Every structure is written in structure tokens, then in C-alpha cells.
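The following paragraphs examine how the parts of one chain meet each other and how that chain meets its partner.

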Amino acid sequence: MEQLLAALFQLFEPTHLAFLFAGTLLGLIVGILPGMGGTSGLALVLPFVFTMEPSHALAMMIGVLAPTTTSDTFPAVLMGVPGTSGSQATVMDGFPLSKKGMAARALSAAFSASLLGGVFGALILSISIYYAIPIIMAFGFGEQFLLVVLALLMVGALTGDNLFKGIASCFLGLIIGSIGTAPITGDPRYTFDTLYLLEGVPLVVVGLGLFAIPEIVGLLDAKGSIAKSLNTKKGWFTGLKDVVKNWFLVLRCSTLGCLVGALPGLGGTVVDWIAYSHLKQTTKDTSQFGKGDIRGVIAPESANNAKEGGALIPTLIFGIPGSGNKVLLLGGFVLIGIEPGLDMVTTNLDLTYLMIWSLAIANILGAGICMGFSSQISKFTLVPYYILAPVMVCLIFFATFNFNRDWYDFIGLMSFGLIGITFKNFGWSRPALLIGFFLSTKVELLSYQTQAVYGLSFLTRPVSIILIILCLATIVLLTKQKFDKYYRSDFVKGKLTQIYYNIILLCLPLSMIWFTINLDYRANLFPISLSLIAFFLLTFILIIKIADLKNLSFLNYNIIKFARSNIFEIGGNFKIQIYYYLSFIGFLLMNFIFGFPIATALFINIFILFHNKKSYVSSICISAALMVILWALSSLLTLQFPNGLIGLFIDLPWWLGGQLN
Amino acid sequence: MSLFSFVSVASADVNFSGKTITWVVPFKEGGGTSRFARFIQPFLKKYLPGNPDVQIMHIPGGGAIKGSNYFEKNAKADGTFIFGSSTSVIVNVATGNPLVKYNLSEYRPVVLLPQNTHWFTRSDLAEPHDLSKIKERKLVLYALKTPASADLFHIWIYDKLGIKGAKPIPGLSSSGGYQAFLRGEIHLSSHGAANYVKKVKPEIEKGKVVDLMTLGIIGADGSVSRNPLAPNAPTFPEMYEKVNGKKLEGDDLEAYYAIGAAWSQASKAMMLPKDASDEIVKAYRDAATKMTNDPEFKAKALKALGPFPLIIGEEAGEIIKKAAVFSDTTKKQLNAALKKHKFTYRVQ
């Protein structure tokens, strides 16, 4: 109890509060930008946290995570586009309300529901910390192994539009994660004798590549400004009254959000839908749902903020992430030297409390800012994307370079960017890939550790049996709910491209087998088993795809039907997205030649002017402002910018990419 | 008298005023070597002639090889570059990792910060300071991160103590290993001094855990004394004698000294490049000696660095040579232990 209060006082020190506030602001912004969410936000912050004090870094990271599901309501209500995957259900009633001219009511109801849900989640987290020690002690290697495997399967099954493609994404992530030094024997796997691959591609680079780049490219493809007009003036008070009136619904959905969040692997992607369907099942008069019922906003919004508190439980005590953003949070823990597990509830308890308080305060702060400055913040949705995009690309490059100061990271970034774009367009699951990538080493080690201590007997331990039953039940229930809708792909264009892509994906497991087959069995057993499973899954998907293309009759049997559902994805305009992607590569080349600062100014101006020749004032102002920000950041953090070839011939000042000394 | 004045003139020639000293740490921020560097940093500025700025440059990656190779390639010998070494940096050299491009044994060490390892087990498995029950067990599980690290020494130690059931569980960090130990999944566990005080001592006081032994503190003359943090626990040489009925000597003693130098005496180190002149080395060593007499240092050192006094001077150079260059007999001993436990990894 003393520590709990001490952590609160620590958080109210000006520096802590400043970091929390900065994180919250960033979280709000990435929440508003459709597609960008906590994962991209954390990936941007992570390259900077390791220069900070651990407690500052934690306050900032939680600050980024907590309010994304608050501010994502802006685009959900105003434009009918979910700001993050956690507000998909909010669109159902939020957008109709806004069309009826009740946007302000919907927003204020959503923000106050978010606030209550978020604080409730923090409360549940702090209570469960008290009971964590016996739980940690009951989870040996075998139980942890099961937990990780089942988390992976759930993520795969639930984040993909197609069950098999989701699980295959997971296995591809596991295979990519096994690149590098084999943990048992130290043999290099799939490294082509490079020091860079020996450690595997850094998590931050993977996160930025998989999430941030595809979203930017996708939004550029969608074109134009984001929202058309704003009407958020009247009705704030009505929204607050709605929440007070529905307090019991808020409580129920917060509890639900916490529970679902705490199940490893389930995380953020489904919680809003679960809350929404709970609302439908428990309401007598369902006639207004989908047409603008305020309860349809309150239920998912309280649940998706409450889930953060729940999701932190497995993250902190087992190091098992439930969603993409928790993967990056764990990556941040590694950077600042915190190991999840027993330490979090014993020697590092002060840091755990600090996170809980940060979570509660960031939720209050986030909702407060959203309500107080709603008209200013919602203008963010009016900024044309061709102005936001180049700025974001520059920030991503800056973050990437700052992480390791290694040019190879850009190759990693662009490669994973391409994987991200193709995954998104062809309907493979990026969260599953990221979580598989992150957990790969852990799965491999746990399988050896379990084998050494228990053999197969771990399956008969009581906790294991409970885990297996629990997770099987969840998977069956949720997949039934999700894949019952039978979907045919008659109007998907470019099916052949997606079939070719499937064949390209097959090369990964095959080449992994080829390159590791001659190693010691303790070094290749894991990647080869994964590769075999992935190979069969991908082949199966390929067969279904071809059969779907040829419209073969065996696909109409009931068992095969759900394998066929969403086997093809209706992506955006793939060619345009690749075209934007190539412009980022152009930016990379400019970096090589001119160094980062000059290339940034050039890129922003060229990019904006290319889209709108008249906006040279804004392009010059924005690039100048960004230069000032970068200059301030670099002197604050004593960073040296990537310097290009030009720096070898001309003596540039250090803030333009010259030598530091 | 004349000799004295000569020396003081020589060190007066070294002046870093207006310069920036770059301290390359081949690890991430927040790790032990980084903390060591950050603690020394302000004192270095205070006591080096000319009070230069000292900046710490972290170059993590490749199991400390990336940063170490960077230092070898880029460090200037004029005293403006120093290197933060640790046991893993040394073990990379000593075990002949082919990616290593730095010749650590020729570097000029300024300060070494020793550490010590404690071994312990559950109270239901053995009496304090007594291995006999452990040796009777068919299966004695212990945590081992990877054989290509200092954890390799565990394999040798358990082998020399005749623990036949010893079986490593791979891929466990010391903290993860300790958790598994508390859950009752592994039988033998070990920790460095700092974590021993923080995490193990409370369990010993509760009666759940008992001390077995410590690595022992090796003096300049080769004598081994007990660890002040666990004064009742025997040192490895004492345990060896009790178990084997003969003194630790010959090849075994040589291997123990090599392991002790790498693992314990040179656990953290600050070094100058190999071409640094004697004057520069002396200026640094003088600054380090003054630092240890600083009242602020004395007040904070126990908490930040642990109870073991810093090693400064020529003695440090001898220890680094011993730690970084394993003799053929020592390598043979380690490889025999690796082979016995079916590891494919070999010391080169």
C-alpha cells in the first residue's frame, strides 16, 4: 500500500508527468489517424526510450498505449472509419448518430465511457497484482509453453479474415523469428554469414515496417483529406447523461473488456465486437441498433479501454503479449532492462504500480483532452494525407536510424514494409506475424525446457488441463461466431496475383529447410518443424485458392466452406500503393546521398508539391518546422543524423549530418 | 626525489582540457556495464587532467562483438577513447569466437570491478555448505543461457565437483532461472553478488534456500579468500578439496584462475587501446586512484558497485591477460566438460 502511494507521488513529479503527457498526446494523435494505432505509436517511441530513465520510459509508453482507444472514436463517429481495430464496433452506431447530427453526443458518451472503462481496467490490474505470486508459481515451463502456443493459435485464428491464413501468418512469423543464432547450440541459422542477421531483425524495425508503412501507403491510396465536414458543437451534455443512465452497462462491458483482454492472444481485435454482441443479447428492444443507438457506442468504448488493464496482466507476469502493441511494450521492457515475471510483483513492484497509475491517469488525461479540445483535435481529420504522410515517413526513418544507428535497419524496414503492404492487401494477418516473430525464441526455448523438466507429463498437470479446455472452448466459440458468415469471392479482382503471392510465401519455409538441414538437430529441429507445418498450411491455402478460382464443386461442402471464406482479399489499389512505396525507397536513396536532414527537406517539398502544386507555402513551412524539431531532438538526445555520401566531400555542420566532433 | 619529479612532469604533459572522451560500451543502456560506466563518468571528468567531457557511446549487438570490433577499428590511442569491457567481452576472446576482431589481452586496463558468484539450493535438497546429497541425486537441473557465454564455466565447475546428475536447461536468463528454481523446477541455482543480496538473502532468511559455496575472491598473490557477503560459505577451492580429498592444484588450479579472472576479477573493466602511451595510462590510473578516495565515491560505491574493491594498476593488466588468453590445458578442460554434456559448441 505504501508503495502504491509512493508510485503515485513519483508520477506526479514534473518530469514523469511531462513524459506521460507527451506519450498521451502522441497516443491521441496516432489513435485519430485511421489505421495507425498503439503499435505504430509505440514503434515510433521505442527507439528513444532506451536513453531515458526506466520510470520515465514506462510512463511514456503507457501514455502512448492508453488513449489510442479513446481518440480513435473521432474518425469512427465522424467518418465511419475505425481509428484503430478496437473501435470497429463503435462505427456501427456512432456513424449513424453523427449522420443524424448527434456527433457531439456520441463523442462525449464515448469519451466518458472510455474514461470509466480505462480507470476500471487499471483498478482490476492493481488488484490482480496482489494475487500474482501464486499464479506465477503455479505456471511452470509446461504451463507457460501451453499458454504461449495457445495464445499464438488464438491470435492466428482471430486476427485473420480467413482462419487458415491467420494461422499460417503466425507460423511465418515464428519462422522469421527463428532467423539468427540458435539459442541452444549457438549455430547461425539463415544468416548468410552476416552479423546483422545473427541477432535477427530488431523488433522495432519489424513493427514499423509491418504496421506504420502499410497504413501510410494505404491512406495515400485512399486519397484526399480524411473527413469532409465537422459538426461537433451541440449535445455534449446529453452524451454525459447517457453514460450516467447506462452506468450498469459500462460496468458490465468494462468487466468483459478486462477479462477478454487478460486472455493471452485475444487482445484488442475482438473485444469491441464481444461487448457489442453482449449488448445486443441483453437488450430487449434492439430495433435501433445499427441506426444510431447511443448504447452501441458506450458498450464497445468502455470495453476497449478496459481491456488495456486486463491485457497488461499476462504481459507483466508472463511476458506473453496479447496483441501487437503489447509486443512492442515488451520490446521496450527489454530496452530499459526490465524482465517480466516474478520481479514485476516483488523487486520491481514500484515500477508496476507506476505503470498502473500511468494507465489510469493517461486515460483520464486522454478523455479530458478529447472533450476539452474536441473541435481542435477533430480538425486533425481534415488534414490532407499527402501532407501528413511524408512527415510520418521522415519520423519513421528518424526513429529507425536512431534505434541502432545502422544503415542495414533501413533494408529491414523497407523489406518488412513490403511484407506489411502485401499482407494487408492480400488478407494475411500482420498482428499474427508480429506476435509469432516475437514469441519464436520463447516457444523454442520453452519446448526444450519443458522437455528437460517434464517430458510429456506436463500435459496432465491440473493447470495445463484447465488451460487446454479454456482455450479450445474460446477458439471454437469465437471461430463459430466469426466464420459462420459464408462469403464468396466472386467480385475480387486480381486473384492470380494473390495466388502468385501465395507461391512466393512458400519459398520461405522451403529455403529455411534448405539452409538449416545440415545443422545439429538441436539447432534445426525447431525451424524445420515450423517450416513443414507452414508448408502444408500454405499448400492447403493455395489449393483452396485455385479451386475457388476454377470454381470447383467440392468447395460447396459445408466443412470446406469456412476454409473458403475470405480466401481472397479485396485490397486497395495495389499498384498505387507499390508506387508510393517506391517513393519511400527514393527517399532512402536521397538519404544515402545527401544525409538525413537535407533529404528530409527535399522529400517533404517534392512529395507535397507533387500532389498539390499550390501548397508550396505549407510544404516549406512544414519542412522547416520539422527540421527545427529534429534539430531540437538531436541536441536533446545527442544524436548524430545519418550522414550521406555528400558529407564525405563537403564539410557540413553536424546538425546537417556532418561529423559530430 | 628526482624520479618522483620526473613522473609528475610526465603526467602533467597529459592534458585533456577542452577535449571529449568517448567511452564505448558494447551493450545497451541499462545493463551492468552501462551502469558501471555511468557511475564512473562524473568522477573521471573530475579527476582527469583538464577535466574533459566524458560521453558514453552505446554500441550494442552481436553479443558485444559489434561494439568491441568498432572500438578496435576506430579508437584513437591518445586517451580520448576508452572501452567498457565485461565478462562476456572477455569470454568472446577467450573462447575464440571467429567474429572477434579485437585483441583484448593487449589493451591497457585502468580499472577492474570484481564480482563474485554464489551457488545455492533449496533447503529440502541439501544441508547448508554441503554437496553430498546433491551428488547422490540422479538428476540435478540447472539454468544455462548458452554454452557460448560465461555460463560455460558452470559446466566445468559442476564437473569438477563430481555432480554426475547435473543437466543444464538451456536458454534461461539468471532471473528466469531463479524463478524456475523458486518454482521447484530446477535444483541448483546461482546469482551474482547484487542479486544475491536482493533476491536470495531473503529466501535464505525464510529458511527456504541454503548457501552452497561461492567462487571465492582471488588475491594478487593467488590466495583465495571467502566472500564477505556469505562468510560461512566455502569457496570453490575449499569445496573441491572436501569433495575430491585433494587440494585444488595443477591443471585444475590453472583453469580455476583463468575462469576466476574472466568471471570474477575482470567482471567489469575500463580499458585504453593497446597503443596508449604509458603517460596516458598513468594519468588515467592516477585519476582512478583519486576517485576511490573521493568521499562521494566512498559513500555511493557500496550500493552502486558492490562490496568488492576496484583493482587499479599493473595487477589489472595481468588479470586481463589471464582472462583473455586461455591456455591449451584450460581449453582442453573446458572442451572435455562440454563434450561430456553433449554440447556441440567448442572453445577454440
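In this predicted model, chain A is divided into two domains: domain 1 covers residues 2-441, and domain 2 covers residues 574-656. The C-alpha centres of domain 1 of chain A and domain 2 of chain A are separated by 29 Å. To the contact between them, domain 1 of chain A contributes 22 residues and domain 2 of chain A contributes 25 residues.

On the side of domain 1 of chain A that touches domain 2 of chain A, at least two residues each are supplied by α13 (203-222), α22 (385-404) and α23 (408-426) of chain A. The largest share is that of α22(A), which provides ten residues. In composition, this side of domain 1 of chain A comprises 16 nonpolar residues, five polar residues and one charged residue.

A further contact joins the two chains, where 28 residues of chain A meet 29 residues of chain B. On the side of chain A that touches chain B, two or more residues each come from α12 (195-198), α18 (324-336), α19 (342-345) and α24 (430-453) of chain A. Among the contributors to this side, α24(A) gives the most, with five residues. The side of chain A that touches chain B consists of 14 nonpolar, ten polar and four charged residues.

For the side of domain 1 of chain A that touches domain 2 of chain A, the helix with the largest share is α22(A); for the side of chain A that touches chain B, the element that gives the most is α24(A).

Technical notes. Residues numbered from 1 in each chain as written. Chains lettered and ligands numbered in written order. Predicted model: local features only at pLDDT ≥ 70, side-chain atom pairs only at ≥ 80, totals over all residues. Domains from an automatic or database assignment. Contact = placed C-beta atoms within 7 Å. Helix = DSSP H or I, 4+ residues; strand = E, 2+ residues; numbered from the N terminus. Nonpolar A, V, L, I, M, F, W, Y, C, P; charged D, E, K, R; others polar.
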